[in-house]
Amino acid sequence: MELHELKIHELHELLKNKEVSAVDVTKAYLERIKEVEPQVDALISITEEYALKKAEEADKMIQDGNINDLTGIPVIIKDNMCTENIRTTCASKMLEDFVPPYNATVVENLSNLGAVMVGKANLDEFAMGSSTENSAFKTTKNPWDLSRVPGGSSGGSAASVAADECAFSLGSDTGGSIRQPASLCGVVGMKPTYGLVSRYGLVAFASSLDQIGPLTKDVTDCAIVLNAIAGHDPKDSTSVDKMRKKDYKEFLKEDIKGIRIGYAKEFFGEGLDDGVRESIESSLKIFESLGAEIKEISLPYLDYALAAYYIVSSAEASSNLARYDGIRYGHVATNYEDLIDMYMVSRSEGFGKEVKRRIMLGTYALSSGYYDAYYNKALKVRTLIKKDYEKAFEDVDVIVGPTSPTTAFKIGERVEDPLAMYLADVYTVPVNIAGLPGLSLPCGLSNDLPVGLQIVGRHFDEGIVLNAAYAFEKACNFNAKPSFKGGAK
Amino acid sequence: MSITKDEVIHVAKLARLKFTDEELEMYSHQLDNIIKYVDKLNELNTDDVEPTAHIVPISNVFREDEVMPSMDREKILMNAKEKEDGCFKVPKIIE
């Protein structure tokens, strides 16, 4: 096996036993990036020089006997997380030349552990989208079929893991932006409970929904990365304090006898692909054969989650993106009449279509006369959805179902119809609305494209989600690899 | 409810965005579709439901009022296109 095909825990063994150096590993991944990147277009920046310097530091840590699970492991960071002195664009013309003067807390954590950042991943502009087609710079392709989207918004993060351009990546998830691309690219992706991981240095989209999480090649690696990024941060007042620090690797057990697994009948409604439905039904049988108790539950308000989500997330986005005025950072217009006109021209030139659409929707929902009808109504529906889950979790320990109603769709297929694009998030959005932890892992193929299974747990119960995912992964034994077919000649 | 072109023009002003006529047509049409979709929330009676703005029940988070180093002025200004004497420079607003 080539170095770039290995998982974090496999690379760690080689590094620990000094069979390879961190510099060897980094060079192998940089080589791999040069080989596949022209086909996949997963990255906005390749940080070669920085990576080789970090790899040397990692080798020094290893020489000093100071190795941990992530020392010398190559990582790709979604380009909406601030990296000190390394351009952070959010895939927007607005931030095309923005160089952050500080690191996001998650980036700082990984750096301190000796992880080696090899690049920054493409995304839908400001993380708004489900296909990575909304990037101002490039369209990322799905390694399983290059004529299809990788999902989004963390499409570059997911595609880079699937294409072995890194051992793992970080994404952010506001309505499914880690789990949906993980599903479409056949990798493992987790959105932790809201408040488990610091958002400091993550460029804000919708602050009450955003959460950072890992994209990895297996569930073990997911637990390893979660260990590195979870925890209280005084710089993020919404990151939860007074929680006992857990070792998530302790939950990687094959025994799930007696665990109560719920599936909602509402998951199997209109819009669900037959191939996806079949894979999910077989997955439930696998859980049953492992001794889990399968129960049908009901989430009656699920059907309203997407509508509530688009109001709440767009309202928060319109406030958060008000900061882009062209003065302190970001794109600034050259031709304008006065101060107000400078704001208007700078913003209109800097933001792309989808970002403007969400700002408009959010501003409308918050505007005088509509606040109660839309924003406040959506917050009330949020309460109903939260209560739906609370009730369901009285009877079950985890809820499983499809991550996305379809497998990867064709590039260009949904760009003209924003509402059709939004429907890609129908199963992931409610989990953000309720702030719960959710994980997607591959559970089969449909027409040679991966299908993702979503496992959702109670607040801060990542442990049982990882336990169920680990047991399922062992039993399902999904080991297909992307083919890189369908590329332009 | 539906959204009119005049409303779109008003909202664009509030959001500090400028659109061409063609863009106004497109956004009026697309926002109208989205608004019609989210109108399904009105099927639900929420008279006795409290709104949830934040999922984690936290109130104000305080810390001790201690003097800590701030970010260097140079770093704060490093991304500004227009600056002068250690300040951000903006167009004149008072004649």
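Biologist: Hello! What separates Glu57(A) and Lys54(A) in helix α3 of chain A?

Modeller: These two are 3 residues apart in helix α3 (residues 48–63) of chain A, so about one helical turn lies between them. A helix here is a DSSP run of H or I with at least four residues, a strand is a run of E with at least two, and both are numbered from the N terminus. This is a predicted model, where local features need pLDDT of at least 70 and side-chain atom pairs count only at pLDDT 80 or more, while totals for chains, interfaces and linings use all residues. Residues are numbered from 1 along each chain as its sequence is written, chains are lettered from A and ligands numbered from 1 in the order in which they are written, and side-chain values use heavy atoms, leaving out hydrogens and water.

Biologist: Why is the meeting of Glu57(A) and Lys54(A) called a salt bridge?

Modeller: The term asks for a side-chain nitrogen of Lys or Arg within 4 Å of a carboxyl oxygen of Asp or Glu. Over all chains, the structure holds 29 salt bridges.

Biologist: What makes Glu84(A) and Lys75(B) a salt bridge too?

Modeller: Their N to O value is 3.5 Å, so this pair also passes the rule. Across the interface of chain B and chain A, the rule finds 4 salt bridges.

Biologist: How do you know which residues belong to the contact of chain B and chain A?

Modeller: Contact means heavy atoms within 4.5 Å, and therefore the contact takes 51 residues from chain B and 68 residues from chain A. The two chains bury about 5,400 Å² between them, 70% of it on carbon and sulfur atoms; buried area is the accessible area (1.4 Å probe) that two parts lose on being put together, summed over both. In chain B, Arg16(B), Leu41(B) and Ile55(B) lose the most area to chain A, together 13% of what that side buries.
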